[in-house]
Amino acid sequence: MTELVNISRRDRIGDGDGSVQFHAARPTTIEGAKVFAIYGKGGIGKSTTSSNLSAAFSKMGKRVLQIGCDPKHDSTFTLTKKMLPTVIDVLETVNFHAEELRPEDFVFEGYNGVMCVEAGGPPAGTGCGGYVVGQTVKLLKEHHLLEDTDVVIFDVLGDVVCGGFAAPLQHAERAMIVTANDFDSIFAMNRIVQAIGAKAKNYQVRLGGVIANRSAATDQIDKYNEKTGLKLAAHLPDLDAIRRSRLKKSTLFEMEETPEVLAVQKEYLRLAAELLLGGEPMNGVALKDRDIFDLLG
């Protein structure tokens, strides 16, 4: 059980009214399930990727839980067809007395039985995302909601790799990075590689691979991967059908089965199958900022 400990008053000076800065003395472990954390530059399509990957796992008969870790709380939008209340919002209604909550207050069933949770985030500038992730996992364990789960997917806020938003890496077995074939996305990916490397020193998380998204070509990604020791795990092209699925509040598995939609569905199913098998982790080594400019400039 995670023991959440208040940081000393001295450490919280100047942190803002209503701060919820906490640190976990002992991280809560998720046992039995395969746990994946999906990272990438803000706006790169992590939520679309996570939701379709969750749908793919469910199509394979797996019991799936997706946890959105973004204050925007739209990770599970295409799975549930609505914006869910966040764990933080729900906790606030009971004055943060977690024992008063029921599972149906913060866990919702989405497409094909995928269970969905939106962790949310603290007030801007006044708190830590790590506290939010810790409280969410703690609640799920207290209500025994992880015991019957085969796959857990953390969909994590943008390219923020502070200690708080790196917290899902404490629970994950593999971290996947979503990127496009452009400099800004790859620069963000490099920062995430650094964060995963730092967490891997003390936790079991390892790099699982790179997912190229919204990209016709992958030449820049390939160049970076070759330099750092990473590999491409999946390639999802920039298709209008993917954009329309978001507008229709649908996963790609609910869209009209055109040849291009079927091809993307097949790619998600292939990726899900490979992730379940595990495979050797990647020992990617991040580049210095100047080296990325020299490589891709």
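Is Phe 183 buried, partly exposed or exposed, and what is its relative accessible area? Select Phe 183 to begin: the residue is partly exposed, with a relative accessible area of 24%, where buried means under 20% relative accessible area, exposed over 50% and partly exposed in between, computed with a 1.4 Å probe on protein chains only.

Before going further, note that this is a predicted model, in which local features need pLDDT of at least 70 and side-chain atom pairs count only at pLDDT 80 or more, while totals for chains, interfaces and linings use all residues. Residues are numbered from 1 along each chain as its sequence is written, and side-chain values use heavy atoms, with hydrogens and water left out.

Because Phe 183 lies in helix α6 (residues 183-200) and Phe 293 in helix α10 (residues 289-296), the pair ties together parts that are 110 residues apart in sequence; helices (H or I, at least four residues) and strands (E, at least two) are DSSP runs, numbered from the N terminus.

**Salt bridges**

Turn next to the charged side chains, where the structure holds 12 salt bridges, each a side-chain nitrogen of Lys or Arg within 4 Å of a carboxyl oxygen of Asp or Glu. Select Asp 74 and Arg 246, whose side chains meet in a salt bridge at 3.1 Å, N to O. Asp 74 lies in the loop between β4 (64-69) and α3 (77-80) and Arg 246 in helix α8 (residues 240-247), so this pair ties together parts that are 172 residues apart in sequence. Asp 74 is buried at 12% relative accessibility, whereas Arg 246 is partly exposed at 22%.

Staying in helix α8, select Asp 240 and Arg 244, which are 4 residues apart, or about one helical turn, and form a salt bridge whose closest N and O atoms are 3.0 Å apart.

Finally, move to helix α9 (residues 259-277), where Arg 270 and Glu 267 lie 3 residues apart and form a salt bridge, with the closest N and O atoms 3.0 Å apart. Here Glu 267 is buried, with a relative accessible area of 18%, and Arg 270 is partly exposed, with 30%.
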